[in-house]
Amino acid sequence: MSGLSDFIQDNSVMREGNKKPKAIHERFIEFHAQDDEQIVLNAVPGHFATIQSHINYYVDVTSMKVRTKEAREAAKHLVEKMRHKVQVLDTIVCMDGTQVLGAYLAEEVEKTNIGMSPHHETIRVVCPEVNSVNQLLFRENIKPSIQGRKIFLLLATMSTGETVRQSMECIEYYGGDVIGVSSIFSTRHVVDSTDVFPIFTIDDLPGYESYKPADCPFCKKGIPIEAMVNGYGYSKLR
Ligand SMILES: [Zn+2]
């Protein structure tokens with residue numbers, strides 16, 4: 001299945017019928033995690049732009065961020081993937097509004113034999129401020145949750161890995177040691193030798209492509225960008 005051909009075909013069908021194109025949320029297709037039917041991701045084919053790339057699917061992970069039932073399920077699923085690969089974890093840093101999932105993940109991790117650094121009794125969950133150039137800021141009251149700690153970075157979606165790389169640099173600047181990364185949807189399993197534990201991968205979303213803006217086939221065909229996308233969601237452009 002190709003997102004590009006489907007999208008062009010859909011658009012031509014809509015034009016022939018002279019109908020208004022369907023809104024993004026009306027075109028969601030459900031994908032289930034390969035090893036857990038209860039965990040669902042929505043995606044819609046089209047022409048979307050992130051800060052670094054153009055993509056042929058908008059991947060929506062909102063339900064796992066805002067619905068406690070889905071977040072709890074996703075946390076259980078994720079901890080199974082980490083169980084034998086992460087030994088020590090002190091703090092979960094939540095990006096892209098993943099703090100509900102992060103809190104459930106902390107609860108699940110504490111039930112396993114994944115340990116904490118000496119003298120810590122509980123996992124910390126923090127949400128950094130992000131400045132206008134996408135750097136993470138940790139205020140004085142939050143710094144003790146980062147400095148000298150084993151950090152697990154949690155994100156919503158990841159395509160080029162550039163945001164993760166930048167976030168890891170910021171955490172290291174504050175004295176944290178990033179021991180693992182999870183993104184609800186990820187195209188990668190490793191960023192700069194750090195393991196990534198995705199809930200969904202491109203194997204679950206066949207045909208997903210990310211392009212450099214200059215090489216984007218939609219732009220070359222003059223198809224306008226439908227929405228700007230980041231880990232928080234999408235903003236329509238037309
Ligand atoms: Zn494009």
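Start with the whole protein chain. Colour them separately. Keep in mind that this is a predicted model.

Stop 1: Now select the contact. Domain 1 supplies 18 residues and domain 2 supplies 20 residues. Which elements of domain 1 give two or more residues to the side that touches domain 2? They are strand E1 (29-33), strand E2 (36-49), strand E3 (54-60) and helix H2 (62-66). Pick E2 from that set: E2 gives the most, with four residues. Then colour this side of domain 1 by class. You will find 10 nonpolar, seven polar and one charged residues.

**Stop 2: the open sheet.** Select five strands and read across them in the order E5-E4-E8-E9-E12. The sheet is open, and the pairing is parallel. Go to the edges next. These are strand E5 (124-126) and strand E12 (200-201), each pairing on one side only. Zoom in on E12 and its partner, strand E9 (residues 177-186). Two bridges join E9 and E12 in the parallel sense. Show side chains here: Phe 185 stands opposite Phe 200 in E12.

**Stop 3: a helix pair.** Select helix H3 (residues 68-82) and helix H4 (residues 99-110). What are their packing angle and the distance between their axes? The angle is about 45°, and the axes are 8 Å apart. H3 is therefore oblique to H4. The crossing of H3 and H4 is right-handed.

- From H3: Thr 68, Ala 71, Arg 72, Ala 74, Ala 75, Lys 76, Leu 78 and Val 79.
- From H4: Val 100, Leu 101, Tyr 104, Leu 105, Glu 108 and Val 109.

Colour the contact of H3 with H4 by class. Its residues divide into 10 nonpolar, one polar and three charged.

Definitions and conventions:
Residues are numbered from 1 along each chain as its sequence is written. This is a predicted model: local features need pLDDT of at least 70, side-chain atom pairs count only at pLDDT 80 or more; totals for chains, interfaces and linings use all residues. Two strands pair if DSSP finds at least two bridges between them. Two residues are in contact if their C-beta atoms, placed from the backbone, lie within 7 Å. Ala, Val, Leu, Ile, Met, Phe, Trp, Tyr, Cys and Pro count as nonpolar, Asp, Glu, Lys and Arg as charged, and the others, Gly among them, as polar. Axes are lines fitted to C-alpha atoms, for helices over the stretch in contact, and angles run from 0 to 180 degrees between N-to-C directions. Angles under 35 degrees count as roughly parallel, over 145 as roughly antiparallel, 65 to 115 as roughly perpendicular and the rest as oblique. A crossing is left-handed if the near helix is turned anticlockwise from the far one by less than a right angle, and right-handed if clockwise.
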